[in-house]
Each structure stands twice: as C-alpha cells, then as structure tokens.
Amino acid sequence: MNFKKIAKAKLPTPWGDFLIIGFEEEIGVKNHIALVYGDFPFNNPVLTRIHSECLTGDALFSLRCDCGFQLESALMIIAKAGNGILIYHRQEGRNIGLLNKINAYHLQDKGLDTVEANHKLGFSADERDFTSCVEILKLLKVNKIKLLTNNPFKIKKLSNAGIDIVERIDLIVGRNPKNTKYLDTKADKMGHFF
C-alpha cells in the first residue's frame, strides 16, 4: 500500500495547536490524518497514539465504548508532553464499517458481547490492518515510538512491520456503567491491558 501526503494546516484544539496532515492511499478510497504536536528531537522515540475511527464515540459522545475518552485524553497527553503524533486511522468499527458496527450494536443489545457480535456477522474480533499507520509514520520519518495503547494486537502488528516500540503507555479512561461489558470483553477475550 502506498501513501502520499496531500495537505497540511494548523489545527487549534482545546489542548494546543496541532498540525493536521492529510494522507491519501494511492490505491483505495480512504484518507487518514496525523495530528502532529511540536518538534521531534532527532532519533528519539516519539509519543504516538494510533486512534481508530469511531464516529459514535468520537463525534456522537457514545458511552458504549471508551473511544471518545481515549481520543481526548491522547490529545491532552501529547500536548502536555510537548510533542507527539496522533494518527486518526480510518477503519471504523475495528474495520467492519459503520453500518456493520450498528448491526453489531443491535446484536449487543440482544446480549452478545463485541467479539460474539462480530463473529455472528462473519468478521473476526478485529479486522484492522495497521499498514497505513506504518506508512504514515515512515512518511513522517518516525521509526521509534512510545505508544499510547492498551491493545497487544496493535503492538504486535506495528512491531512486525518494523516500528520500534520502546515503551507502551496505558490509556485507561472512560469506564462507565454503559461500557463495562465492552471493556471487560476487551480484557478477557482480546487481552487488552487494564
């Protein structure tokens, strides 16, 4: 998969002024963005969050997941650290797409957990491919990172693609009565660190 940098601009946020950089897949239809804060000292590990798209959590304030909470916290942590990158990874619903995600929600309303709902719809627990994130990091000349994540699958995929993860930093936020089963399933069935 080949990517190219298309556009960049300043993006003021409540946590500070980021640089938003848009990337386009040369083959495919998805665009991804990186929010870059500050300057990176040469060859030092860069604080990085790969945040997979979640319209319901990020924009519609859903309490079913921890995504919106993680997005806000990651931007705040990066700004507080003085530099870092947040890649907004356009693979909605662990890459099953928005409409399938809504169908998975419906199955969860009937009692299935997130993994069972994905399986019932014919998907694996996590369909994401982090190749685009690796390409973006390389275009930004970053190969050594401190990764904000609770997800061992993400660590494995990035490491296997040649990204040197020198540290994993917890991002445990947003637990509430509406997402307890969701978070417990992440821990019990997907091995997330909580």
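Which helix holds lysine 154? Lysine 154 lies in helix α7, which covers residues 152-160. The model is predicted.

**Lysine 154**

Is this lysine buried or exposed? Lysine 154 is buried, because its relative accessible area is 4%, and buried means under 20%. Set aside its neighbours within four places in sequence. Lysine 154 is then in contact with Arg49, Ile50, Arg128, Phe130 and Thr149. Lysine 144 sits 10 residues from lysine 154 in sequence. In space, the two lysines are 15 Å apart, C-alpha to C-alpha.

**The largest pocket**

Lysine 144 also belongs to the lining of the largest pocket. About 210 Å³ of space lies in this pocket. Which residues line the largest pocket? Phe40, Pro41, Phe42, Asn43, Asn44 and Val46 are among them. Leu140, Lys141, Val142, Asn143 and Lys144 also line the pocket. By class, the lining has six nonpolar, three polar and two charged residues.

**Cysteines**

How many disulfides does the structure hold? The structure holds zero disulfides. A disulfide needs two cysteine sulfur atoms within 2.5 Å.

| Cysteine | Closest cysteine sulfur | Distance |
|---|---|---|
| Cysteine 65 | Cysteine 67 | 3.6 Å |
| Cysteine 133 | Cysteine 67 | 14 Å |

For cysteine 65, 3.6 Å is too far for a bond. For cysteine 133, 14 Å is too far for a bond. Cysteine 65 counts as buried, because its relative accessibility is 4%. Cysteine 133 is buried too, with a relative accessible area of 0%.

Technical notes: Residues numbered from 1 in each chain as written. Predicted model: local features only at pLDDT ≥ 70, side-chain atom pairs only at ≥ 80, totals over all residues. Heavy atoms only, no water. 1 Å grid on protein atoms, 1.4 Å probe; cavity = no way out; pocket = protein on both sides within 12 Å on 5 of 7 lines; lining within 4 Å. Points joined across faces, edges and corners; volume = space filled by probe spheres on them. Nonpolar A, V, L, I, M, F, W, Y, C, P; charged D, E, K, R; others polar. Helix = DSSP H or I, 4+ residues; strand = E, 2+ residues; numbered from the N terminus. Buried < 20%, exposed > 50% of the residue type's maximum accessible area, 1.4 Å probe, protein only. Contact = heavy atoms within 4.5 Å.
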